[in-house]
Amino acid sequence: MNNSLVHCLSLLNSCKTLTSLKQIQANVLKTGLDTDPFLVGKLLLRCTVVLPDTLDYACSLFRHTPKPDVFMYNTLIRGLAEAGKPQNSIILFIEMRKKMLSSPDSFSFAFILKATANLRSLRAGIQLHCQALTHGLNAHLFVGTTLVSMYGECGCIRSARKVFDEMHEPNVVAWNAVITAFFRVGNVKGAREMFDLMPFRDLTSWNVMLAGHVKERELELARKMFMEMPVKDDVSWSTIIVGFAHNGYFDEAFGFFRKLQRDGTRPNEVSLTGVLSACGQAGAFEFGKILHGFIEKAGLIWIISVNNALLDAYSKCGNLSMARLVFERMPEKKSIVSWTSMMVGLAMHGHGEEAIRLFHEMERSETRPDGITFISLLYACSHAGLIEQGCEYFNKMRDVYNIKPAIEHYGCMVDLYGRAGQLQKAYEFVFQMPIPPNDIIWRTLLGACSIHGNVKLAEKVKERLSELDPNNSSDHVLLSNIYAVAGKWKDVAAVRRSMTDQRIKKTPGWSMIEVDKVMYTFMAGPKQDKIMEEAYEMLKDIILRLRVEGGYVPEIGSVLHDIDEEEKEDSVSTHSEKLAVAFGIARLCEGKTIRIVKNLRICRDCHVVMKLISQVYKLEIVVRDRSRFHSFRNGSCSCEDYW
């Protein structure tokens, strides 16, 4: 190996940018080493697999190579498959088969099978399996393992198991692949059986089982698996924390994070974003502040995804000033996620005009908005009553940025017109949509009819919805909403009885509150435990005081009419957000802001009660419902009764 070649290889190994790579390639051309297949192959490998955002350059380099060999083809096939271009990977494989005299090797089939798995193309996978058989490579461990994964991704577990059973001596990677294949098709029992049969396991084997149980929402089995693991790594901790958080078990997610710290394991990007996401979903503001301090102290604030998660957590916890601070202090160029998260936060708090200003600032920074950005922008316009601006940005999305509106964008426009009381425009907009409206669109329109008391339009909607299916849960809810707006309480009761008979369940309402860094969940219903008893007792005292000092009269207009007045009052008085605020008043220090998260839209009666409590008890209450934030102070709400 001559000195020039050694020097070029040394430079390649330390190359970290496309500019440096181009300089090395120029030197290769100058010294006449561009005919050396080994060096050209290494050059191609560097810009295909190692360096970021250099795949296009790799393709250009490949096209200018006179006689690419199998290694070069394999390298680019692999790069295309891993970069999310599996179709191009297959086209290149076909080209290789046509142009080359030498046969593809085991790596060729392994890389192209991965591309096929990404496409979930069973037909192409079977054809490649046949070719591997023809070339005698089906028995190759690397190829066999990739075949197992391909069949698993395509949902063909029998073929995956058959390939595995035909392996002479499957290694731990092959065992892990077949277990993953079983989980891909939701066969937890089969995955467990294979796991128990394993002659040897590595950490990946345990992590595969853990991830599989989490994916199937078998959280108790996941917890048991996690506790049995002989060794845990970043992946193990991230999987269990994110798994519990995403399934609504926030306290458990926080508990696992604390245990991670006690065990001396350094949290990584995934575990941090996972637990911050849990803080946001649960409204765990105090725990979020502790995490923020830890992130600063550990020197992890430079990670953009952690910053985004922190910003999102503060926004969802109702502290917009801290969210703004995180946004402004971001250490590098803000991503589209950063801009959009800040806009969503402003929108949820009703700051529509500020969200618009931020959008223009984002445009000036030359960050191109996407469909999600426009959803947040339209949402902001809707909740601030900015009709003209909302229409302007809907048109701009299509005409300037060539973004095709999705059902969510149309839903925002219906909401925009509906909240502003322009119900006829909202109705006409729905029937002019180029895509069929879904149940969310109809519920949005009916919700607007309810807010503005337009019974006539609700009836009109029912006439147009002549094909409602009484066996469909979404249609049941729609019918119930239509009858409720029209005041047909007997019909509402009949629909609800039908739902009960068919075991169709509405989403139960719950509210969460953080007290001393512990999350408490409340649901309307019987007093299940001492916490609920404490909340009920406090609520009884609060309602009595509100009647005397605030003139409170329960808002019972939306309660079924086939029960007496006292039962109606009981029905609205024990809504979950009332129980949560009562518990907060009982447990939190005087002067503390009470923060509540509710999974459904706050009702009119609860809205009235929160305003009265803020006035009578001199408290600030922040409620995040399904739609937006409500900040109650001195007897008024930040939404100005417009939600």
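Residues are numbered from 1 along each chain as its sequence is written. Because the model is predicted, local features need pLDDT of at least 70 and side-chain atom pairs pLDDT 80 or more, while totals for chains, interfaces and linings use all residues.

**View 1. Helix 34, residues 604-616, is mostly covered.** Helices here are DSSP runs of H or I with at least four residues, and strands are E runs of at least two, numbered from the N terminus. Ten of the 13 residues are buried, meaning under 20% relative accessible area with a 1.4 Å probe, protein chains only. Among them are Cys-606, Val-609, Leu-612 and Ile-613. After helix 34 comes Lys-618, with a positive phi near 55 degrees.

**View 2. The largest cavity has a volume of about 50 Å³.** A cavity is a set of points on a 1 Å grid over the protein atoms alone where a 1.4 Å probe fits but cannot get out; lining residues have an atom within 4 Å of a point. Volume is the space filled by probe spheres set on the points, which are joined across faces, edges and corners. Strand 3 (594-598) and strand 4 (621-624) each supply at least two lining residues. The lining includes Lys-316, Arg-595 and Phe-629.

**View 3. The second largest cavity holds about 30 Å³ of space.** Its lining is Phe-285, Gly-288, Leu-310, Ala-313, Tyr-314 and Cys-317. Helix 19 (304-316) gives the largest share, three residues.

Definitions and conventions: Heavy atoms only, no water. Expected span 1.5 Å × (residues − 1). Buried < 20%, exposed > 50% of the residue type's maximum accessible area, 1.4 Å probe, protein only. 1 Å grid on protein atoms, 1.4 Å probe; cavity = no way out; pocket = protein on both sides within 12 Å on 5 of 7 lines; lining within 4 Å.
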